[in-house]
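Thanks for coming, everyone. I'll walk you through one model today. Have the sequence and the 3D view ready.

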Amino acid sequence: MKSQKYIKEWLDTLCKSFTNIHVQYAFDKNTNFHLVHVLPESYNNNEEYAAMVLDFEANFFKKYPTEDIIISEPDIDDDMSNILYEKRCESIPANINEDDHIDWNECFTDNMEKLGEPISYSNTVNIITPNIEQENYNSQYQFAA
Amino acid sequence: MYLKKKSQENIEAARILAGSDLKLFASSVHCSYYSVFQLIKHTLYCKYQFNYNKQSNKQENDSHNFIIEKFSQHLRYDNIPDTIIEEKKRKIKKLKKNRVKADYVNMDISDNIAKKAIQTADEIKHFIESL
């Protein structure tokens, strides 16, 4: 589906625009809705974020008028079993240069193993700090990597 | 004014259908959604002078998405904060998704979903009346 590529490209832009953001995108085949979950929920009160979402939805409608998309906080009513994209972007600590070589995956793995949750490397992780605040995420997000 | 009246009838029907006497939750969700959709159409016509002919001109597209997008666009022209518009639009779309589930998907619709749909419909109604 061309629309899925369009959504993924926009999610890349969204992740570059906001720090400490975690997005999951799935396509619900039962309802034919594209579902995007965004954390933290505090972005719902961010004018810049809201403007970006509204602009995207307007453009999405122009390009794909018969398709439905919902961009929201995580919702247990949503069927997210068919994940197509996931990205977690966290801010870079001030004492670390972005160009320094850091094995972020290793840092992340250590944190994940402490949680005792399954680890998946199938999705993209952008920039991960060693201090991952997993308790801020629902259990379904503990699979994120 | 017919659509406004139909919208009111639908929200009343949604409450009756989801009540303990009937427990017809899927039908209730259907009515909650249409209550909102009809009220948005009425608002586009009465407040934003977007007449009904224009509203149904986009037959080749999803007419519901067209109406929801137009409504969002007019709210932005009205200088309503984007966070408010985004919140209301998100809730309308979730209601639309639950209407699709209620009408077409082979799954149970719980009393919780029906009650949430009524709540959303009430909230959108109050928001529209405050414009």
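**Two chains, one walk-through**

Let's start with chain A. Chain A has 3 helices and 4 strands. Keep in mind that this is a predicted model. In sequence order, the pattern of chain A reads α-β-β-α-β-β-α. Chain A has 145 residues, and 28% of them count as buried. Now take the contacts in chain A between residues at least 6 apart in sequence. Of those, 69% join residues at least 24 apart.

Next, where the chains meet. On one side are 22 residues of chain B, and they are in contact with 18 residues of chain A. Which helices of chain B each supply at least two residues of the side that touches chain A? They are α4, residues 63-77, and α5, residues 82-104. The largest share comes from α5(B), with 11 residues. Sort this side of chain B by class, and you get 6 nonpolar, 5 polar and 11 charged residues.

Now into chain B itself. Two packed helices are described by the angle between their axes and the distance between the axes.

Pair one. Find helix α1 of chain B, residues 2-18, and helix α6 of chain B, residues 111-129. Their axes are 10 Å apart, and the packing angle is about 160°. Angles over 145 degrees count as roughly antiparallel, so α1(B) and α6(B) are roughly antiparallel to each other. Their crossing is left-handed. From α1(B), the contact uses B:I11, B:A14, B:R15 and B:A18. From α6(B), the contact residues include B:D111, B:A114, B:A117 and B:K125. By class, this contact of α1(B) with α6(B) has 7 nonpolar, no polar and 4 charged residues.

Pair two. Stay on α1(B), and turn to α2(B). These two also pack at about 160°, with axes 8 Å apart. That makes α1(B) roughly antiparallel to α2(B). The crossing of α1(B) and α2(B) is left-handed. On α1(B), the residues that meet α2(B) include B:L3, B:I11, B:A14 and B:L17. On α2(B), their partners include B:F25, B:C31, B:Y34 and B:L39. The classes in the contact of α1(B) with α2(B) are 10 nonpolar, 8 polar and 3 charged.

Helix α2 of chain B covers residues 25-46, and its axis comes within 10 Å of that of α4(B). The two cross at roughly 50°. What does that make α2(B) relative to α4(B)? It makes α2(B) oblique to α4(B). The crossing is left-handed. Here B:F37, B:I40, B:K41, B:T43 and B:L44 of α2(B) meet residues of α4(B), among them B:I67, B:I68 and B:F71. This contact of α2(B) with α4(B) has 6 nonpolar, 3 polar and 2 charged residues.

Zoom in on B:I40. Leaving out residues up to four places away in sequence, B:I40 touches B:I67, B:I68 and B:F71.

Last stop, the core. How many residues does the largest nonpolar core have? It has 53. The residues with the most contacts inside it are B:A14, B:V29, B:V36, B:I40, B:A114 and B:A117. The helix that gives the most to this core is α2(B), with 11 residues.

B:A14 is in the α1(B) contact with α6(B). B:A14 also meets α2(B). B:I40 is in the α2(B) contact with α4(B).

Methods. Residues numbered from 1 in each chain as written. Chains lettered and ligands numbered in written order. Predicted model: local features only at pLDDT ≥ 70, side-chain atom pairs only at ≥ 80, totals over all residues. Contact = placed C-beta atoms within 7 Å. Nonpolar A, V, L, I, M, F, W, Y, C, P; charged D, E, K, R; others polar. Axes fitted to C-alpha atoms, helices over the stretch in contact; angles between N-to-C directions. Parallel < 35°, antiparallel > 145°, perpendicular 65-115°, else oblique. Left-handed = near helix turned anticlockwise from the far one by under 90°. Core = buried A, V, L, I, M, F, W, Y, C linked by C-beta atoms within 7 Å. Buried ≥ 20, exposed ≤ 12 C-beta atoms within 10 Å, placed from the backbone.
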